[in-house]
Amino acid sequence: MPMIATIEELEAIYGQPNEASTVKVANRITPPYRMLIDKSPFAALATCGPEGLDCSSRGDLPGFVRVHDEKTLMMPDRRGNNRVDSLRNIVRDPRVALLFLIPGSGSTLRVNGRAQLSADADLLASFGMDGKAPRTVIVLTVDEIYFQCARAIVRSDLWNPDKRVDSKSLPTPGQILAEMSDNRVGGEDYDRAWPERARQSLW
């Protein structure tokens, strides 16, 4: 199977982007882009490190990624499984990307930049929820920001409630863990306990 090996080959297939694809790119957070960030309850965070690339989901109340100024975003690292893959990468390589989703909107928002981690007590306290502060905050300097057109959302019909997958047709986390660990962890008890465990450890 022949593969595309040069930029020239790639551009021969796709040509050049039109003006609408390039004029939308900003090096700062413009007022319209801030509105999108403020309405978003979910983002995918991409990082890179010596082992390769990583992408993790981040979700919270809308506006959970705080616009500090036109060049700076701040995102709390809420409770999780303590793998801290993204955080390990940021410490070793500051390059990051964010992809914001807004329920019901076809547009997504892309941010590329460089990040650092802060454990400043006052900053952590400012992100407290239910009396619980995050252990770190990701501070992101924006290099470029732009919206992406709605084609992917339209093709996937992502927000159509009639297209939701029945969760009973999918393997559960407990089933996956049990299979991967020869039943040492996971199983029905894991799945049964998950809703209450999540409720108590959300923040």
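This report describes the fold, nonpolar cores, surface, salt bridges and selected local features of a predicted protein model.

## Basis of the model

The model is predicted: local features need pLDDT of at least 70, side-chain atom pairs count only at pLDDT 80 or more, and totals for chains, interfaces and linings use all residues. Residues are numbered from 1 along each chain as its sequence is written, and side-chain values use heavy atoms, with hydrogens and water left out.

## Overall architecture

The protein contains 8 helices and 7 strands. These elements are DSSP runs numbered from the N terminus, with helices (H or I) of at least four residues and strands (E) of at least two. The C-alpha trace spans about 55 × 50 × 40 Å along its principal axes.

Of the 203 residues, 30% are buried. Buried means under 20% relative accessible area, exposed means over 50%, and partly exposed lies in between (1.4 Å probe, protein chains only). Taking contact as heavy atoms within 4.5 Å, 62% of the contacts between residues at least 6 apart in sequence join residues at least 24 apart.

## Nonpolar cores

In soluble globular proteins, nonpolar side chains tend to be buried together. A nonpolar core is a set of buried Ala, Val, Leu, Ile, Met, Phe, Trp, Tyr and Cys residues joined through side-chain atoms within 4.5 Å. The largest such core has 24 residues, and Ile 37, Leu 73, Leu 98, Phe 100, Val 111 and Ile 145 have the most contacts inside it. At least two residues of this core come from each of helix 3 (31–39), strand 1 (42–49), strand 4, helix 4 (85–92), strand 5 (95–101), strand 6 (108–118) and strand 7 (137–148). Strand 7 gives the most, with 5 residues.

Leaving aside neighbours within four places in sequence, Ile 37 is in contact with Ile 29, Gly 63, Val 65, Val 67, Leu 73, Phe 100, Leu 109 and Ile 145. Another core, of 6 residues, lies apart from the largest one; among its members are Met 74, Leu 124, Val 137 and Val 139.

## Surroundings of Thr 72

Thr 72 belongs to strand 4 (residues 72–76) and counts as buried because its relative accessible area is 12%. Its side chain makes a polar contact of 2.9 Å with the side chain of Asp 69. A polar contact is a pair of N or O atoms within 3.5 Å; within protein, one must be able to donate a hydrogen and the other to accept it, and residues adjacent in sequence count only if both atoms are side-chain atoms. Not counting residues up to four places away in sequence, Thr 72 touches Ile 29, Arg 66, Val 67, Val 139 and Leu 140.

## Surface

The accessible surface comes to about 13800 Å², of which 55% belongs to carbon and sulfur atoms. Areas follow the Shrake-Rupley method with a 1.4 Å probe, and for residues only the protein chains shown count as cover.

Ile 4, Ile 7, Leu 10, Ile 13 and Tyr 14 make a nonpolar surface patch of about 550 Å². Patches consist of residues with over 30% relative accessible area and no salt bridge, like charges being joined within 9 Å and nonpolar side chains (Val, Leu, Ile, Met, Phe, Trp, Tyr) within 5 Å. Within this patch, Ile 13 is found in helix 1 (residues 7–14) and is exposed, at 55% relative accessibility.

## Salt bridges

The structure holds 11 salt bridges, each defined by a side-chain nitrogen of Lys or Arg within 4 Å of a carboxyl oxygen of Asp or Glu. Asp 77 and Arg 58 form one of 2.4 Å, N to O. This pair links distant parts of the chain, 19 residues apart: Asp 77 lies in the loop between strand 4 and helix 4, and Arg 58 in strand 2 (residues 52–59). Both residues, Asp 77 and Arg 58, are buried.

In helix 3, Arg 34 and Asp 38 are 4 residues apart, about one turn of the helix, and the closest N and O atoms of their salt bridge are 3.6 Å apart. Arg 34 is partly exposed at 38%, as is Asp 38 at 34%. Asp 157 and Lys 163 also meet in a salt bridge (2.9 Å, N to O). Salt bridges with shared partners join Glu 188, Asp 189 and Arg 192 into one network.

## Loop features

Asn 82, in the loop between strand 4 and helix 4, has a positive phi of about 65° although it is not a glycine. Asp 182, in the loop between helix 7 and helix 8, likewise has a positive phi, near 55°, and is exposed at 64% relative accessibility.

Arg 184 is placed in the loop between helix 7 (173–180) and helix 8 (188–200) and is exposed, with a relative accessible area of 66%. A polar atom of the Arg 184 side chain lies 2.8 Å from the backbone oxygen of Ser 181.
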